[in-house]
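Visitor: I am new to this structure. Please show me how to read it, one feature at a time.

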Amino acid sequence: MKINYLLVALFVFAFVNYSHGQTPEQTLTKMGIELFVPTKSAGNYVKAVRSGNLVFLAGHVSTRADGTGITGKLGKDLTVDQGYEAARTTTISLLSTLKAELGELALVRRIVKVTGFVNSTPDFTDQPKVINGCSDLLVALFGDKGKHARSAVGMAALPSNYAVEIEMIVEIERQ
């Protein structure tokens, strides 16, 4: 399965990068991932809130840097592999917001919690495999600091028919 090869590659990549002391931004560049300037929130809320040494990131949907979205329902319109990619794309958006909030991702002490919402049919039961697209990227980027508590749940619908929405809680170094 395509996901298994990607998992092995991500974990090998994470080990090599952490053994050479690279910053998270350098690791992302080597992975071919570019962070972007996040868009403003679509309502009366903010995308990141700091409380003490925690950063709470609002739900981010599966949109790319160019603003195009990954839409559709898992179990009907999208495969598990496509959902995995949607979750990975959503994580890049979350990391972009986190970098904008912190200035540098090296301030991340630990990814504490990830909550993943998957737009899926009632009989679709592979939500955890979809949200692995987020978890795998976080562990590849941050190593043990990227290991987190997680929920992965199915939803009858998400805003604008997006495939995935993810929110995240991050512990940061005290500043």
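Guide: S160 is found in the loop between β4 (149-155) and β5. Helices (H or I, at least four residues) and strands (E, at least two) are DSSP runs, numbered from the N terminus. This is a predicted model: local features need pLDDT of at least 70, side-chain atom pairs count only at pLDDT 80 or more, and totals for chains, interfaces and linings use all residues. Residues are numbered from 1 along each chain as its sequence is written, and side-chain values use heavy atoms, with hydrogens and water left out.

Visitor: Is S160 buried or exposed?

Guide: Buried means under 20% relative accessible area, exposed over 50%, partly exposed in between (1.4 Å probe, protein chains only). S160 has a relative accessible area of 62%, so S160 is exposed. N161, at 36%, counts as partly exposed. M31 is in the loop between α2 (24-30) and β1 (48-51). M31 has 16% relative accessibility and therefore counts as buried.

Visitor: How many helices and strands are there?

Guide: The protein has four helices and five strands. Along the sequence the pattern is α-α-β-β-α-β-α-β-β.

Visitor: At what angle do α3 and α4 pack?

Guide: Axes are lines fitted to C-alpha atoms, for helices over the stretch in contact, and angles run from 0 to 180 degrees between N-to-C directions. Helix α3 (residues 80-102) and helix α4 (residues 127-142) pack at about 45°, with axes 7 Å apart. Angles under 35 degrees count as roughly parallel, over 145 as roughly antiparallel, 65 to 115 as roughly perpendicular and the rest as oblique. The two helices, α3 and α4, are therefore oblique to each other.

Visitor: Which residues touch the most other members of the largest nonpolar core?

Guide: Nonpolar side chains tend to be buried together in soluble globular proteins. A nonpolar core is a set of buried Ala, Val, Leu, Ile, Met, Phe, Trp, Tyr and Cys residues joined through side-chain atoms within 4.5 Å. Here the largest has 38 residues, and I131 and V170 touch the most other members. Elements giving two or more residues to this core are β2 (54-61), α3, β3 (108-119), α4 and β5 (164-172).
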